[in-house]
Amino acid sequence: MLSSQSARSNIWQPLWQLPGRAELIFSLAKRELLSRYKGSVLGLVWAVLTPIVMIAIFTFIFAGIFGARFGATTSHWDYALYLFCGLLPWSMFQETLQQSAGTIVAHANLVKRVVFPLETLPIALAFSALGNQLFATIALLVATVAIRHQLHFTTLWLPVLLIPQLLMTLGAAWLIASLGVFLRDIAQGVMLLLMAWMYLTPIIYPESIIPSHLQRLINLNPFTSLVRSYRRIFLEGLPPDWSGLGYFTLMALVVFVFGYWWFARTRKNFSDVI
């Protein structure tokens with residue numbers, strides 16, 4: 001009985017030690033972020049330029065060609081702002097999961113030769129993606145001022161949204177990182193899953209056009225409420241959707257705990273498989 005209790009304690013011990021490894025995590029995240037743009041002419045400018053180009057393409061296709069709007073009187077520019085808001089948390093989540101699928105295999109030397117806190121690798125990817133999101137957020141704020149000539153004080157609610165968003169991302173990243181060791185084609189599966197998930201989230205289209213019989217299904221998607229809260233604080237001058245954010249936070253805690261538990265239980269087999 002004591003040995004089983006000790007085993008359970010050992011599983012969770014690295015999680016409690018993470019605050020003491022903050023310097024390592026931020027060092028890995030900084031290296032990951034800078035390595036993406038190392039040697040490029042524009043450097044970190046790409047962190048802002050990439051989402052702007054993506055949004056311009058989506059706006060041209062959906063607002064320009066198909067006439068999509070986030071309201072009866074909104075313009076193409078307003079559509080771009082609403083799209084930008086929706087893509088902020090989603091891009092961070094998507095980027096982290098795609099990178100996590102191969103992160104343990106890519107660091108096989110750390111798995112086999114050194115006693116290294118492997119759980120910090122997905123965390124570093126999440127913080128690197130969060131850095132990209134913050135650069136894009138600056139671009140959104142500048143665009144909002146340029147287009148609407150105002151900036152809502154409700155923008156200050158952003159940290160309240162980032163905390164559960166980060167919990168959800170970390171839990172999913174640990175899970176995908178572990179599965180990537182045992183299923184090498186998990187990266188392709190994750191890409192398809194994320195593509196479907198994105199289109200089931202009202203990011204490129206407003207919630208108002210969703211048929212009534214599908215509303216409940218769309219609302220079960222936790223990212224629906226998160227995207228809604230992003231738009232409320234940045235564009236509508238309203239506080240977060242508290243009930244929706246509560247649901248998202250609950251789901252984030254479940255994913256965080258399960259993702260870490262799965263990673264901790266399977267990590268002892270990493271060296272055998274790699």
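Modeller: Helices (H or I, at least four residues) and strands (E, at least two) are DSSP runs, numbered from the N terminus. Read along the sequence, the protein follows the pattern α-α-α-α-α-α-α-α-α-α-α-α-α. The protein has 13 helices and zero strands. The model is predicted: local features need pLDDT of at least 70, side-chain atom pairs count only at pLDDT 80 or more, and totals for chains, interfaces and linings use all residues. Residues are numbered from 1 along each chain as its sequence is written, and side-chain values use heavy atoms, with hydrogens and water left out.

Colleague: How do you know that Phe93 is buried?
Modeller: Buried means under 20% relative accessible area, exposed over 50%, and partly exposed in between (1.4 Å probe, protein chains only). Phe93 has a relative accessible area of 1%, so Phe93 is buried. Phe223, also at 1% relative accessibility, counts as buried. Of the 274 residues in the protein, buried residues make up 45%.

Colleague: Why is His149 called exposed?
Modeller: Its relative accessible area is 68%, so His149 is exposed. His149 sits in the loop between α7 (120–148) and α8. Its phi is near 60°, a positive value in a residue other than glycine.

Colleague: What makes Leu183 partly exposed?
Modeller: Leu183 has a relative accessible area of 44%, so the word is partly exposed. Leu183 is placed in the loop between α8 and α9 (186–199).

Colleague: Why is the pair of Phe93 and Phe223 called tilted?
Modeller: Rings of Phe, Tyr and Trp (its six-membered ring) pair if their centres lie within 6.5 Å; planes under 30 degrees apart count as stacked, over 60 as edge-to-face and the rest as tilted. By this rule the count comes to 17 aromatic pairs. For Phe93 and Phe223 the centres are 4.8 Å apart and the planes make 50°, and the pair is tilted. The pair links distant parts of the chain: Phe93 is in helix α4 (residues 76–100) and Phe223 in helix α11 (residues 222–235), 130 residues apart.

Colleague: Which residues do ring pairs link into a cluster?
Modeller: The cluster holds Trp90, Phe93, Trp197, Phe223 and Phe248.

Colleague: Why are α4 and α8 called roughly parallel?
Modeller: Axes are lines fitted to C-alpha atoms, for helices over the stretch in contact, and angles run from 0 to 180 degrees between N-to-C directions. Angles under 35 degrees count as roughly parallel, over 145 as roughly antiparallel, 65 to 115 as roughly perpendicular and the rest as oblique. α4 and helix α8 (residues 158–182) pack at about 20°, with their axes 8 Å apart. α4 and α8 are therefore roughly parallel to each other. On the α4 side the contact (heavy atoms within 4.5 Å) includes Pro89, Met92 and Phe93.

Colleague: How do the residues of that contact divide by class?
Modeller: Ala, Val, Leu, Ile, Met, Phe, Trp, Tyr, Cys and Pro count as nonpolar, Asp, Glu, Lys and Arg as charged, and the others, Gly among them, as polar. The contact of α4 with α8 has 10 nonpolar, four polar and no charged residues.

Colleague: What makes α11 and α12 oblique?
Modeller: α11 and helix α12 (residues 242–266) pack at an angle of about 130°, with axes 8 Å apart. α11 and α12 are therefore oblique to each other. Phe223 is among the α11 residues that meet α12, and Phe248 is among those on the α12 side. This contact of α11 with α12 has seven nonpolar, three polar and no charged residues.

Colleague: And why are α8 and α12 called roughly parallel?
Modeller: Their axes come within 7 Å and cross at roughly 30°. α8 and α12 are therefore roughly parallel to each other. By class, the contact of α8 with α12 has 24 nonpolar, six polar and no charged residues.

Colleague: How do you know that Ile11 is buried?
Modeller: Ile11 has a relative accessible area of 16%, so Ile11 is buried. Ile11 is found in helix α1 (residues 2–16). Leaving aside neighbours within four places in sequence, Ile11 is in contact with Tyr260, Ala264 and Arg265. The C-alpha atoms of Ile11 and Ala264, 253 residues apart along the chain, are separated by 5.7 Å.
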